Amino acid sequence: MSDVESFDPDRTAVVAVDVQNGFCHPDGSLYAPASGDAVADVRRVVSEARAAGARVVYTRDVHPPEQFADAHYYDEFERWGEHVVEGTWDAELHADLDVREADHVVEKHTYDAFHETELAGWLRARGVRDLVICGTLANVCVLHTAGSAGLRDFRPVIVEDALGFVEPDHREYAVEHADWLFGETTTTDALAFE
């Protein structure tokens with residue numbers, strides 16, 4: 001990681017992963033205090049990127065109530081309990097975010113924001129190549145989204161101090177794994193959009 005990580009706003013998007021009530025609000029079904037703490041840092045990253053002219057993408061993890069009814073192998077509700085169900089307050093983006101009409105909101109049904117969504121096409125149509133990724137949970141949806149971005153030839157850069165997590169070692173694992181395998185990491189203070 002360099003001292004200053006500079007991004008060209010014309011080819012960069014911030015991807016704020018799953019900053020939703022269910023994960024980031026104390027009344028949420030899968031609330032983690034560190035995810036709540038990350039909201040302000042995500043907002044800062046988004047604000048700086050937007051001011052420079054970079055694109056902003058928010059992902060929402062949303063599950064139709066019957067999504068896992070016929071699951072053969074993996075049932076997220078069995079693993080995590082019922083969470084961010086379609087049409088509920090739990091699934092909405094956190095109220096402290098500054099979501100604007102020009103921002104792109106991606107609704108996803110699994111950990112990876114590229115899986116069966118329009119995200120890759122939307123980014124490519126706008127000339128975006130570099131992704132500044134923040135949000136929650138570090139070792140689940142953030143890591144899966146960043147890895148999937150790299151496999152699609154985007155440059156994923158995780159903002160390590162703008163991540164939610166359940167346990168601190170989950171965040172450390174995600175950052176180390178991303179830095180080693182497929183992407184890069186940076187911090188909010190090292191980010192520059194120019």
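In which sort of crossing, left-handed or right-handed, does α5 pass α6? The crossing of α5 past α6 is right-handed, a crossing being right-handed if the near helix is turned clockwise from the far one by less than a right angle, and left-handed if anticlockwise.

This is a predicted model, in which local features need pLDDT of at least 70 and side-chain atom pairs count only at pLDDT 80 or more, while totals for chains, interfaces and linings use all residues. Residues are numbered from 1 along each chain as its sequence is written, and side-chain values use heavy atoms, with hydrogens and water left out.

**The helix pair**

Helices are DSSP runs (H or I, at least four residues) and strands likewise (E, at least two), numbered from the N terminus. Helix α5 (residues 138-151) packs against helix α6 (residues 168-181) at an angle of about 20°, and their axes, lines fitted to C-alpha atoms over the stretch in contact, are 9 Å apart. That angle makes α5 roughly parallel to α6, a term for angles under 35 degrees. Contact means heavy atoms within 4.5 Å, and the table names the residues that make it.

| Helix | Contact residues |
|---|---|
| α5 | Ala 138, Asn 139, Leu 143 |
| α6 | His 170, Arg 171, Tyr 173, Ala 174, His 177, Ala 178 |

**The largest core**

A nonpolar core is a set of buried (under 20% relative accessible area, 1.4 Å probe, protein chains only) Ala, Val, Leu, Ile, Met, Phe, Trp, Tyr and Cys residues joined through side-chain atoms within 4.5 Å. The largest has 31 residues, of which Val 57, Phe 114, Leu 123, Leu 131 and Ile 133 touch the most other members. Its largest share, 7 residues, comes from α5.

How values were computed
Axes are lines fitted to C-alpha atoms, for helices over the stretch in contact, and angles run from 0 to 180 degrees between N-to-C directions. Angles under 35 degrees count as roughly parallel, over 145 as roughly antiparallel, 65 to 115 as roughly perpendicular and the rest as oblique. Buried means under 20% relative accessible area, exposed over 50%, partly exposed in between (1.4 Å probe, protein chains only).
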